[in-house]
Amino acid sequence: MSKAIETFDLSYTQNRELSWLNFNSRVLDQAADPDVPLMERFRFLSIFTSNLDEFFMVRVGSLFDVSIMDPKAIDNKSGMTPIQQLDSIYDAVLPLIRKRDALYKDLMKRLAKRDIVDLNDIKVSDDEKSYIRRYFKDFIRPLLSPQIIDPTHPFPHLKNKTLYIAALLKDKKNYLLGLVAVPDSMPSVIQMPETPGHYIRPESIIEHYIKKVFPIYTIEEHAIVSVTRNADITFDEEKFDEDNPDFLSTLSKLLRKRDRLQPVRLEMQGNAPKILGILADRLKLTRKQCYTSYAPLLLSYAYDLKDLKPIYYYPARTPDYPDYLRKDISMWKQVEQRDVLLFYPYHSMDPFLALLKEAARDPEVVSIQITIYRLAKNSAVIKYLMEAAENGKDVTALIELRARFDEQNNIDWAKVLEDSGCRIIYGVDEYKCHSKLCLITKRTGHGQLRFITQIGTGNYNEKTAAQYTDFCLMTANPAIAEDAVAFFQNMLIGNTNGNYHTLLVAPNRMKSELIRLIDREIAKGEEGRIIIKANSVTERDLIDKLAEASSAGVKIDLIIRGICCLVAGIPGKTENITVTSIVGRFLEHSRIYAFGKAEEAEIYISSADLMTRNQTRRVEVGCPVLSEEIRRWIVSYLQMILLDNDRAQRMKPDGTYESVVNDAEKINVQSYYLTHPIELTSSTVPAKGFREKLKSFLGMKRA
């Protein structure tokens with residue numbers, strides 16, 4: 001039974017949504033950093049914008065649902081009602097939009113000096129005018145479907161995050177609203193053929209020629225607009241009737257509803273106050289829910305600009321094939337000899353793919369079982385699973401169809417795998433399966449079964465493996481394999497309450513085991529030590545347990561990229577806790593739990609964050625690191641993160657963050673692993689220049 005709000009101590013916690021907005025502000029800081037290449041700064045603006053879009057679709061959308069269903073519900077970290085949270089969110093977003101606008105203007109000026117130019121912002125040459133005019137005539141205008149709104153033309157449905165050009169039209173007697181959508185088939189950006197650095201966005205072209213779109217009217221105002229809708233379809237609560245028992249087809253129908261749900265935000269690029277008022281009234285949005293912007297409403301085109309000089313980007317790199325692995329030796333044999341850790345994106349995903357490929361073709365391999373949450377568009381994982389099934393292996397794929405915004409992709413892959421002969425299951429009723437687990441089983445010539453288990457902190461996705469920091473552990477440890485066998489058997493029968501001896505599995509055992517491990521450190525008092533690296537911290541019981549540990553003198557470092565509802569540094573409550581966030585070139589995605597001082601630390605890698613959904617509403621897996629050399633290396637990695645004084649920001653007692661600034665030698669942990677080999681040997685101390693610093697750190701009381 002959940003506690004009453006009066007029983008929660010709110011002095012060391014903060015609201016989840018406001019904490020997330022603070023995180024997205026740290027993303028925006030990267031766009032202002034002069035040490036980041038110019039086009040990468042532009043891409044950070046794009047990431048900030050797409051993050052904010054999803055935040056409104058999901059988090060703001062779900063808060064609107066709660067405000068209707070349970071308006072008196074109280075957030076157990078801030079004490080706010082849903083409406084109070086929404087008001088705080090809308091107020092907090094406005095200065096972020098202004099900050100983005102200022103950064104966008106500054107970046108456009110800097111890029112223009114290097115002949116990378118949005119033609120909407122400058123005087124266009126005659127040749128470029130001619131090209132744009134022909135492009136509009138030949139490729140854009142035939143696709144347009146303009147509409148006016150009057151008694152015979154009802155207000156249309158505005159699709160979620162689609163760009164529209166809105167125009168206030170005047171005929172002889174009346175004012176009308178005109179709308180024309182930017183066609184979905186249009187490219188996000190059109191580059192000039194003779195000068196690729198010069199480009200224009202299709203919405204800018206349509207807005208420029210809006211008089212040609214509505215030729216019989218006078219144009220009083222015009223602007224680019226976009227509506228954000230609630231996209232928080234709660235699949236778990238959907239009931240399947242007798243006429244539609246198939247989960248896959250039901251989910252496909254639900255996805256089509258996403259574009260039609262309640263509006264939660266109106267955005268406008270430009271200055272058209274009358275249009276803003278009309279649209280806000282039609283969409284039943286308050287003025288607080290409407291934002292005007294100088295920057296484009298969609299910035300994903302930052303990734304679509306081609307043929308620009310490499311100097312404007314991070315240096316190109318190819319992930320390393322670990323030097324402690326051999327390409328000419330069976331991956332199965334190498335994993336049997338020693339546990340193998342891959343550290344993405346510094347390491348290539350190829351060794352794991354080589355293991356899958358080998359398993360697909362090895363006549364002694366009898367089965368492959370795997371959980372799938374998000375996959376790349378062109379997935380080599382799928383290729384080898386299909387090959388294995390076609391070669392007579394028993395292939396079972398637990399595909400989570402409810403992976404938000406990847407639902408359609410997973411539906412498509414499920415059909416492909418099923419057609420190739422794989423057994424497909426769609427997660428467990430009421431629980432998303434977010435775990436990253438693969439079990440390969442081989443029957444030897446003597447009839448004995450042997451296993452290799454792979455456990456990851458990130459998805460089986462080649463694209464994100466090149467962008468996110470994640471771990472992939474491959475092991476032949478029989479105790480881990482025994483639990484993996486039990487896990488897949490339990491999933492096949494829908495049992496989320498299975499017993500496991502080695503793995504931490506949510507929702508049944510992970511949270512209680514984490515509390516037990518924290519209690520163990522509490523018993524040590526000032527000799528206790530905890531380091532946790534995760535994406536987010538929201539789970540109230542675990543927050544309270546960490547605060548209890550801090551009060552007992554346990555030294556705790558939380559390395560949390562995003563949301564952290566625990567506020568560090570509150571006297572008598574969390575004064576022994578630090579919270580560090582790193583936002584940099586790569587997205588920090590790995591989850592590590594370390595309990596105990598360096599030489600004795602018990603370490604787990606996991607798919608789970610310290611969030612309520614991960615601990616209680618999802619199927620997650622945490623795996624102990626049993627290899628001494630890997631365990632020792634992970635300890636050194638965590639210490640390196642805590643020494644970062646370049647990308648790292650640290651939480652202050654008011655919940656905001658400040659850059660870590662000191663007189664020590666500059667350390668950027670991501671840059672370090674880009675330029676130094678990852679040596680999983682008995683020597684894990686970084687190369688000269690960091691050696692003495694790390695040695696000193698390991699000797700500190702917190703080590």
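Which strands each supply at least two residues of the lining of the second largest cavity? In this predicted model, the strands are β16 (449–456) and β17 (468–475). Of the elements contributing to this lining, β17 gives the most, with three residues. The space in the second largest cavity comes to about 50 Å³. Its lining is made up of Tyr344, Met349, Phe352, Gln454, Gly456, Gly458, Asn459, Tyr460, Asp470, Phe471 and Cys472. Sorted by class, six of these residues are nonpolar, four are polar and one is charged. Asp470 is counted as charged because Asp belongs to the charged class. The glycines of the lining, Gly456 and Gly458, fall among the polar residues because Gly is placed in that class.

The cavity search returned five cavities of 30 Å³ or more. The largest cavity holds about 70 Å³ of space. Twelve residues line the largest cavity. Closest to its centre are Ile531, Gly596, Ala601, Val635 and Gln639. The lining of the largest cavity contains eight nonpolar residues, two polar residues and two charged residues. Two elements, strand β19 (529–534) and helix α18, each supply at least two residues of this lining.

Helix α18 spans residues 628–643 and has 16 residues. From its first C-alpha to its last, α18 reaches 23 Å. That reach is close to the 22 Å expected at 1.5 Å a residue. The helix is mostly covered, with 13 of its 16 residues buried. Buried here stands for a relative accessible area under 20%. Val635 and Gln639, both named among the residues closest to the centre of the largest cavity, lie within the 628–643 range of α18. Ile531, also in that group, falls within the 529–534 range of β19.

A further element of the model is an open sheet of three strands. The strand order is β1-β6-β5, and the pairing is mixed. The edge strands are β1 (117–118) and β5 (190–191), each of which pairs on one side only. Strand β6 covers residues 198–200. The pairing of β5 with β6 is antiparallel and runs over two bridges. Across this pair, isoleucine 190 stands opposite isoleucine 200 of β6. In general, strands of a sheet pair through backbone hydrogen bonds, in either a parallel or an antiparallel sense.

Methods
Residues are numbered from 1 along each chain as its sequence is written. This is a predicted model: local features need pLDDT of at least 70, side-chain atom pairs count only at pLDDT 80 or more; totals for chains, interfaces and linings use all residues. Side-chain values use heavy atoms; hydrogens and water are left out. Two strands pair if DSSP finds at least two bridges between them. Helices (H or I, at least four residues) and strands (E, at least two) are DSSP runs, numbered from the N terminus. The expected span of a helix is 1.5 Å times one less than its number of residues. Buried means under 20% relative accessible area, exposed over 50%, partly exposed in between (1.4 Å probe, protein chains only). On a 1 Å grid over the protein atoms alone, a cavity is a set of points where a 1.4 Å probe fits but cannot get out, and a pocket is an open set with protein on both sides within 12 Å along at least five of seven lines; lining residues have an atom within 4 Å of a point. Grid points are joined across faces, edges and corners, and a volume is the space filled by probe spheres set on the points.
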